[in-house]
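Work through the exercises below with the sequence and the model open beside you. Try each task before reading its solution.

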Amino acid sequence: MVDVMAGTVLHRIPASNGHYGPGASQSAGDAHPTELQITENELWLLSYYRECELAGALLMGRLARETDDDDLRVRLTEHCAEEARHAWAWTETILKVGGTPRRVSETYQSRYHAAVGNPSNLLEVLALTQIFERRVVRHFKAHLRWPGTHPEVAKTLQQLVDDEVGHIRWVKDRLDDYAAVNGETVVKEMLDRFQRVDEQVYSELGQYADCVEKLVGPKRGSSDSIGERLRRVAADSLGREPSEIRLDASLVEMGVDSLDLVVFMMAVEDEFEVEFTREDQKKMRTLGDVAANIAKSEVGG
């Protein structure tokens, strides 16, 4: 799965995790348990996996729409669909262990993006995907070995590990083709670059192993203005630099299409903990309009 990153993080869960009752591994069809069979910490971790898969699907879909490479367009579209299936697999798993997905405020992808931005060419897309998918496989295999892992969680982990191997294979083939034309050195340098970023991100996340909610739970307040925060959200969602974002610019002027708008509005609602109705969104023509609606909502709250 990619997520310019995803379903990855944290080195371990305490051995006390995974306290589930008799028969927890049995499928109950649509009759899901009403009592949580894993710890709250693990529930947050599974919710994080789920959110990363969703982020990966959106990323792969955007890249598939933008690439001029016909074969790559097919591969990325398939990858997008599989990421979405993985997000649903984690949703089902959470339900089967008696939970509901927590609302997650950041993903592995967002940390990658903060470090390297959006991939801007074919080599960056391939190298970043390759490094990330390897991390996913290593992490999920490690999770499978954690003491007390719930059988339903273990089943999903194994399913996704098997899927990720296919991702790594097609990306490796494309990297080999690129190296044959452009030289192995340029490919190795790009892979090394993203490997360093991945190691840094994964290492930073390790400190949250025992308290995942602190990492991905509800966002804390910010002293920055609404406008400054909105610029950052827009830049991250649209693949721009914050300095390029103007509050008086129309969404159309910034090239926001229907898919971009969905991603952007989701990110805004997460950042400011607000919810816009369909009628609200129809009236918002510029980022300034969005900011005004956020301010109105905060005053009303």
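**Exercise 1.** Are H1 and H2 roughly parallel or roughly antiparallel to each other?

*Solution.* Begin with the source of the coordinates: this is a predicted model, in which local features need pLDDT of at least 70 and side-chain atom pairs count only at pLDDT 80 or more, while totals for chains, interfaces and linings use all residues. Residues are numbered from 1 along each chain as its sequence is written, and side-chain values use heavy atoms, with hydrogens and water left out.

Next, recall that helices (H or I, at least four residues) and strands (E, at least two) are DSSP runs, numbered from the N terminus. H1 and H2 pack at an angle of about 160 degrees, and their axes are 8 Å apart; such axes are lines fitted to C-alpha atoms, for helices over the stretch in contact, and angles run from 0 to 180 degrees between N-to-C directions. Angles under 35 degrees count as roughly parallel, over 145 as roughly antiparallel, 65 to 115 as roughly perpendicular and the rest as oblique. H1 and H2 are therefore roughly antiparallel to each other.

**Exercise 2.** Decide whether Val125 and Glu51 are buried or exposed.

*Solution.* Apply the cut-offs: buried means under 20% relative accessible area, exposed over 50%, and partly exposed in between (1.4 Å probe, protein chains only). Val125, which lies in helix H4 (residues 122-144), has a relative accessible area of 9% and is therefore buried. Glu51 lies in helix H1, and because its relative accessible area is 17%, Glu51 is buried as well.

Then look at their neighbours, where contact means heavy atoms within 4.5 Å. Leaving aside residues up to four places away in sequence, Val125 touches Leu63 and Pro119, whereas Glu51, counted with the same exclusion, touches Val104 and Thr107.

**Exercise 3.** Find which residues have the most contacts inside the largest nonpolar core.

*Solution.* A nonpolar core is a set of buried Ala, Val, Leu, Ile, Met, Phe, Trp, Tyr and Cys residues joined through side-chain atoms within 4.5 Å. The largest one has 55 residues, and those with the most contacts inside it are Tyr48, Tyr49, Trp90, Tyr108 and Phe140. Apart from this core lies another, of 22 residues, among them Val233, Leu251, Met265 and Phe276.

Finally, follow Trp90, whose contacts, not counting residues up to four places away in sequence, include Tyr49, Phe140 and Leu160.
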